[in-house]
Amino acid sequence: MPAHVFLPMTLTLPALRPARGRPRTRLPDPDSAKAEHRSSPEVAERVRPLSRGQVADRLKELGDLYAETSGGDAWAWNQARATFLLHLAADSRRPGFSLLIAETTALTGYAYGFPTAGTGPWGPRFRGHAGESLLRRTVTGGLFVVSGIVVPPRVRREYKDQVWNLARRLQRRLLADHGAALGVTLVDARDARTVETMRSWGWRDAGDGALPAVPLAVPPGPFRLLVLVPGT
């Protein structure tokens, strides 16, 4: 699988390339006796925010986990890590940026994003994909852009509909911490795997019947706007 290509305005998920001799990070080995919660046990993995300074101090660790969960050979691992860190650095400078980590005795996952009022570099791209009623929410700061979710591959495969699924816990906490009326993200429409993964975690196309109050006017183009209701 080719390396995952992203822009600072679009969602980042690890690419899940087949592993071939990549460097290893300290991903914990879950207790086989707790197989029913192997995906992301609620008790074992503590979720907490990092300050901007802590994010800067732990960039190596954050980059390593992203590359580790992407897989691939050593060259792909290093390329994925370098490109991802550029993406994270760009987002970390945005007002209101927030990053949550999950950890046991080691880092197991994280998610990050920022509130938006429809202005700045992300704004024009967002306005090109959203209808008027959705844009009105940006005026009050009620939207939170989830820009990256980094979790082990098993979290994308197992127990995706459970409230304790690690990705769901992280994205739900991001929205709750910021009192967001709605979570939003842009996904490359050609990236069917990411679209499928996000939908399995409760995200919906903004025009879905499940969200009739958020009409969408999406012109033909390479991006899809997905939305997430708080508490999902």
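Contact here means heavy atoms within 4.5 Å. Keep that in mind for Val 151. Leaving aside residues up to four places away in sequence, Val 151 touches Thr 69, Thr 108, Arg 156, Leu 166, Ala 167, Leu 170 and Trp 201.

Some ground rules. This is a predicted model, where local features need pLDDT of at least 70, side-chain atom pairs count only at pLDDT 80 or more, and totals for chains, interfaces and linings use all residues. Residues are numbered from 1 along each chain as its sequence is written, and side-chain values use heavy atoms, with hydrogens and water left out.

Now the cores. A nonpolar core is a set of buried Ala, Val, Leu, Ile, Met, Phe, Trp, Tyr and Cys residues joined through side-chain atoms within 4.5 Å. Buried is under 20% relative accessible area, exposed over 50%, partly exposed in between, with a 1.4 Å probe and protein chains only. Helices (H or I, at least four residues) and strands (E, at least two) are DSSP runs, numbered from the N terminus.

The largest core has 24 residues, and Ile 149, Val 151, Met 198 and Trp 201 touch the most other members. Strand S2 (98-103), S4, H7, H8 and S7 each supply at least two residues. H7 gives the largest share, 5 residues. A second, separate core holds 16 residues, including Leu 50, Leu 62, Leu 85 and Tyr 110.

Next, helix H8, residues 192-200. Its buried residues are Thr 194, Val 195, Thr 197, Met 198 and Ser 200. Their cover includes S4, helix H6 (153-157), helix H7 (166-177), strand S5 (182-188) and strand S7 (223-228). Gly 202 follows H8, with a positive phi near 100 degrees.

On to the rings. Rings of Phe, Tyr and Trp (its six-membered ring) pair if their centres lie within 6.5 Å; planes under 30 degrees apart are stacked, over 60 edge-to-face, the rest tilted. The structure has 5 aromatic pairs. Tyr 66 and Phe 84 are stacked, at 4.3 Å centre to centre and 5 degrees between planes. Tyr 66 sits in helix H2 (residues 59-70) and Phe 84 in helix H3 (residues 74-92), so this pair ties together parts 18 residues apart in sequence. Phe 84 also pairs with Tyr 110, tilted, at 6.2 Å and 50 degrees. Tyr 110 is in strand S3 (residues 107-116), so that pair links parts 26 residues apart in sequence. Tyr 66, Phe 84, Phe 97, Tyr 110 and Tyr 112 form one aromatic cluster.
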